[in-house]
Amino acid sequence: MKRLLWVWLMLLLLLSLSACGGKLADGMQVEIAEGSSGYSTEDIQAAVDVVEKKFKRDFSGCTMTALRYAPHSGKEGNEAWAEQYDAEEAMVLYSDFDVDSSGGDGSLNPNSTYTDWSWVLVRENGGAWKIATWGMG
C-alpha cells in the first residue's frame, strides 16, 4: 500500500511540473523602435523582464513570438494609463503569441494567434515595474 501511495504521489508531482506556463519562441528578440521615449534601455529591459516572467508563469499552452516597445509607449504617451492606475509612470509593451489546442487557461481561442496583446506596466519613483493590466487593445 505504501508503494502504491508513493507511486501516486510521484505521478502527481510530475503532472504538476508539466503544467507549467507559457514559453518564449526560440530566438525571439524584443523589438525596440527607435525614437525618443524618455526611458533608458535598462528601464525598458526591466519592463520586458516582468512581462516575460508573467507570460512564462501564467500563459500555459502559449508561445510568445514577439515582444515590442514603441516610442509612443514612452512617458509622455502614457499619462492616462499612469493616472488610471494611480502611478507616477506607465509603459505599454505589445506581444504576439500562439495558443495551442488547449486554449491556454481556457480563456483564449485554441489554435489561434494573438497580435498586439498589450501589457500595461506602472511604477513609482523609478522603482520596479508592475503589470497593471493586459489584454487585447
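Trainee: Is Asn-125 buried or exposed?

Mentor: Asn-125 counts as exposed because its relative accessibility is 67%, where buried means under 20% relative accessible area, exposed over 50% and partly exposed in between, with a 1.4 Å probe and protein chains only. Before going further, note that this is a predicted model, in which local features need pLDDT of at least 70 and side-chain atom pairs count only at pLDDT 80 or more, while totals for chains, interfaces and linings use all residues. Residues are numbered from 1 along each chain as its sequence is written, and side-chain values use heavy atoms, with hydrogens and water left out.

Trainee: Where is Asn-125, and what is its phi near?

Mentor: Asn-125 sits in the loop between E5 and E6, and its phi is near 50°, a positive value in a residue other than glycine. Asp-86 also has a positive phi, of about 50°, although Asp-86 is not a glycine. That residue belongs to the loop between helix H3 (79–84) and E4, and it counts as exposed because its relative accessibility is 69%.

Trainee: What does Glu-124 touch?

Mentor: Not counting residues up to four places away in sequence, Glu-124 touches Asp-86, Ala-87 and Glu-88, contact meaning heavy atoms within 4.5 Å. Glu-124 is in the loop between E5 and E6, and at 40% relative accessibility it counts as partly exposed.

Trainee: Let me back up, then. Which elements make up the chain, and in what order do they run?

Mentor: There are 3 helices and 6 strands, and from the N terminus on they run α-β-β-α-β-α-β-β-β; helices (H or I, at least four residues) and strands (E, at least two) are DSSP runs, numbered from the N terminus. Among contacts between residues at least 6 apart in sequence, 64% join residues at least 24 apart.

Trainee: And how much of the chain is buried?

Mentor: Buried residues make up 36% of the 137 residues.

Trainee: Which residues have the most contacts inside the largest nonpolar core?

Mentor: They are Phe-59, Leu-67, Met-91, Leu-93, Phe-97, Leu-108 and Trp-119, in a core of 22 residues; a nonpolar core is a set of buried Ala, Val, Leu, Ile, Met, Phe, Trp, Tyr and Cys residues joined through side-chain atoms within 4.5 Å. The elements that give two or more residues to this core are helix H2 (41–58), strand E3 (62–69), strand E4 (89–99) and E5, and H2 gives the most, with 5 residues.

Trainee: What about Phe-97, what does that one touch?

Mentor: Leaving out residues up to four places away in sequence, its contacts include Phe-55, Phe-59, Leu-108, Ser-112, Tyr-114 and Trp-117. Phe-97 also belongs to one aromatic cluster with Phe-55, Phe-59, Tyr-114, Trp-117, Trp-119 and Trp-134.

Trainee: How many aromatic pairs are there?

Mentor: The count comes to 11 aromatic pairs, where rings of Phe, Tyr and Trp (its six-membered ring) pair if their centres lie within 6.5 Å, and planes under 30 degrees apart count as stacked, over 60 as edge-to-face and the rest as tilted. The rings of Tyr-39 and Trp-129 have centres 5.5 Å apart and planes at 75°, so that pair is edge-to-face. Because Tyr-39 lies in the loop between strand E2 (30–32) and H2 and Trp-129 in the loop between E5 and strand E6 (130–136), the pair ties together parts that are 90 residues apart in sequence. Tyr-39 is buried at 8% relative accessibility, and Trp-129 is buried with a relative accessible area of 5%.

Trainee: Changing topic, is Arg-123 buried or exposed?

Mentor: Arg-123, which lies in strand E5, counts as buried because its relative accessibility is 7%. Its side chain makes a polar contact of 3.2 Å with the side chain of Asp-43 and a polar contact of 2.9 Å with that of Glu-89; a polar contact is a pair of N or O atoms within 3.5 Å, and within protein one must be able to donate a hydrogen and the other to accept it, while residues adjacent in sequence count only if both atoms are side-chain atoms. Setting aside neighbours within four places in sequence, Arg-123 is in contact with residues including Tyr-39 and Trp-129.

Trainee: Last one: what does the side chain of Ser-112 reach?

Mentor: The side chain of Ser-112 reaches the backbone oxygen of Asn-109 at 2.4 Å. Ser-112 lies in strand E5 (residues 112–123) and counts as buried at 17% relative accessibility.
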